[in-house]
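Let's go through a few labels that get attached to a structure like this one, and see what stands behind each.

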Amino acid sequence: MQPDTGHQVVRLANGACTLHSLAYGETMHPAVGPVAEAETLYVRQLDLAARGRDHGREFVIWDVGLGAAANALTALRATRDIPCDIRLVSFDDSSEPLEFAARHAAELGYFTGYEPPVQTLLQHRRACFRDASQRVNWEFHLADFPALLREPLAQSLPKPHAILFDAYSPAKNPAMWTAPLFSDLHRLIDPQRPCALATYSRSTMLRAALLLAGFFVGAGHATGRKEETTVAANTLDLVAVPLGHAWLERARRSTSAEPLWEPVYRQTALVPATWERLRQHPQFR
């Protein structure tokens, strides 16, 4: 299909359609398609429906990397019959992927029923609406996410119960995968509010960065071509398969384990100070 601005619609082998970013040279949800990946990686893995039902009040989801809104809309559709309020807080440094996707909603398929709130979100950066049994308050922060986390405004953001972390890959978008970013993110989480994060990467440097930031970290569900993904949380109870000492020893031997400290991609072994900090993490005691 012909490109329109910086993206194009591509059809995957299973027939699902998704977007390809010409700027990043990456395809979103490349193996199984947008909805199937979002359901496996975020909806089921973070147990959004059950946690929203048990919470009973406003359940807050951070959607980091709004992109073409596949994750956000799949999460809304999966929780729409739960009688609670959903506060969906989306972040991205560009609205172009969503604008493009909205123009190709029929091909992508997952916009059905949500076209009006998506248009409202694009126009006003906020959309409030009823969706079956729930009320949805959806806000879009069009900003550089790492910089936003360091601004005073970040303290006023609603504290998340769940984080869908779906930035472009560390090799193409290293600023979104640094140890300082995850430390900033962890500081914004309410320690009294159980919060879990899921992401598609299983890289050792990512998991090390999350651990150093203060998260508990575990292996996540397989999705598409990935045999594992990653789950992190501020409480060990939300991590079904925590990383253990075997992972720690593999990280110590790895040539690509030291977290990114600056927004420049590189691969190196753990330095002694990082190894010692990982070894002292409560998860491994």
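Q: What does Arg252 lie over, and at what distance from the ring centre?
A: Keep in mind that this is a predicted model. Arg252 sits over the face of Trp275, 5.7 Å from the ring centre.

Q: Why is the pair of Tyr114 and Phe129 called edge-to-face?
A: By the pairing rule there are 9 aromatic pairs here. For Tyr114 and Phe129, the ring centres are 6.5 Å apart and the planes meet at 75°.

Q: How do you know whether Tyr114 is buried or exposed?
A: Buried means under 20% relative accessible area. Tyr114 has 3%, so it counts as buried. Phe129 comes in at 18%, so that one is buried too.

Q: What makes Phe165 and Trp177 an edge-to-face pair?
A: Their planes are 75° apart, with 5.2 Å from centre to centre; the angle needed is over 60 degrees. Both residues are buried, and together with Phe182 and Tyr200 they form one aromatic cluster.

Q: Why are the buried residues of α2 said to be on the same side?
A: In α2, Leu48, Arg51 and Gly52 are buried. They cover an arc of only 100° around the axis, so they share one side of α2. On the other side, Arg53 and Asp54 are exposed. The cover over the buried residues includes α1, β4 and α3.

Terms used: Residues numbered from 1 in each chain as written. Predicted model: local features only at pLDDT ≥ 70, side-chain atom pairs only at ≥ 80, totals over all residues. Heavy atoms only, no water. Buried < 20%, exposed > 50% of the residue type's maximum accessible area, 1.4 Å probe, protein only. Helix = DSSP H or I, 4+ residues; strand = E, 2+ residues; numbered from the N terminus. Arc of directions from axis to C-beta. Contact = heavy atoms within 4.5 Å. Phe/Tyr/Trp six-rings, centres within 6.5 Å; stacked < 30°, edge-to-face > 60°. Lys NZ or Arg CZ within 6 Å of the ring centre and 35° of its normal.
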